[in-house]
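Morning, everyone. Let me put the structure up, and then I'll walk through it.

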Amino acid sequence: MSTSLSRVQLRVRGYHLDGYGHVNNARYLEFMEEGRWDFFDQHPEMMKELHQAGRAFVVVNLNIDYLAAARQGDDLEVLTGIIDVGERSGLCHHRIIRKDGGRKDGTVIARADLTFVLLDMRANKAAAIEGEVREALAALTLGKEAFSA
């Protein structure tokens, strides 16, 4: 069953760490990308329609707030969803939460807002978000409050 909010579980491994023993800042980009891939996997028809139209999602801006350190052995949950769709760009939100023994301990490790555009693959430039693609994205849009539930 597809949902508007992707939830990916992962465990922090030694190779995610920096010299200070916590997750390196660049690794959070990978964690969030994993969340986006899961989100896209949940919506294969939308992705098929985009590809047939010669469109691709492209990241144009990413703003991350690092709020707490994650360490080796921590179990994290990466939440990913679309929070806004405009005429030429959209906004995807990520939240990474530490879990403890199967329960959320409530610690938000990082949160980010990612701006994307739809790239017209033939023209190699941003395209308007319109028609059925816009309707599909708008139907998946949710508020940031959904990330704290």
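From the N terminus on, the order of elements is β-α-α-β-β-β-β-β-α. That comes to 3 helices and 6 strands. Helices here are DSSP runs of H or I with at least four residues, strands are runs of E with at least two, and both are numbered from the N terminus.

A word on the source. This is a predicted model: local features need pLDDT of at least 70, side-chain atom pairs count only at pLDDT 80 or more, and totals for chains, interfaces and linings use all residues. Residues are numbered from 1 along each chain as its sequence is written, and side-chain values use heavy atoms, with hydrogens and water left out.

Overall dimensions next. The C-alpha atoms fill a box of roughly 45 × 30 × 20 Å along the principal axes.

Burial. Of the 149 residues, 40% are buried. Buried means under 20% relative accessible area, exposed over 50%, partly exposed in between, with a 1.4 Å probe and protein chains only. The accessible surface comes to about 8200 Å², and 47% of it belongs to carbon and sulfur atoms. The areas are Shrake-Rupley with a 1.4 Å probe; for residues, only the protein chains shown count as cover.

Now contacts, meaning heavy atoms within 4.5 Å. Take those between residues at least 6 apart in sequence: 70% join residues at least 24 apart.

Charges. There are 19 positive and 22 negative side chains. Lys and Arg count as positive, Asp and Glu as negative; His and the chain ends are not counted. With each charge placed at NZ of Lys, CZ of Arg, CG of Asp or CD of Glu, the centres of the two sets lie 3 Å apart.

On to the rings. How many aromatic pairs does the structure hold? It holds 5. Rings of Phe, Tyr and Trp (its six-membered ring) pair if their centres lie within 6.5 Å; planes under 30 degrees apart are stacked, over 60 edge-to-face, the rest tilted. Tyrosine 28 and phenylalanine 31 are edge-to-face, at 5.8 Å centre to centre and 80 degrees between the planes. They sit 3 residues apart in helix 1, residues 25–41, so about one helical turn separates them. Phenylalanine 39 is buried, at 3% relative accessibility. One aromatic cluster takes in Phe39, Phe40, Phe57 and Phe116.

Glutamine 9 is in strand 1, residues 6–11. At 47% relative accessibility, it is partly exposed. Leaving out residues up to four places away in sequence, glutamine 9 touches Leu76, Glu77 and Lys99.

Glycine 86 is in the loop between strand 3 (75–85) and strand 4 (90–100). With the sequence neighbours up to four places away left out, glycine 86 touches Ile129 and Arg134.

Last, asparagine 124, in the loop between strand 5 (103–120) and strand 6 (125–127). Most residues other than glycine have a negative phi. Asparagine 124 has a positive phi, near 55 degrees. With a relative accessible area of 60%, asparagine 124 is exposed.
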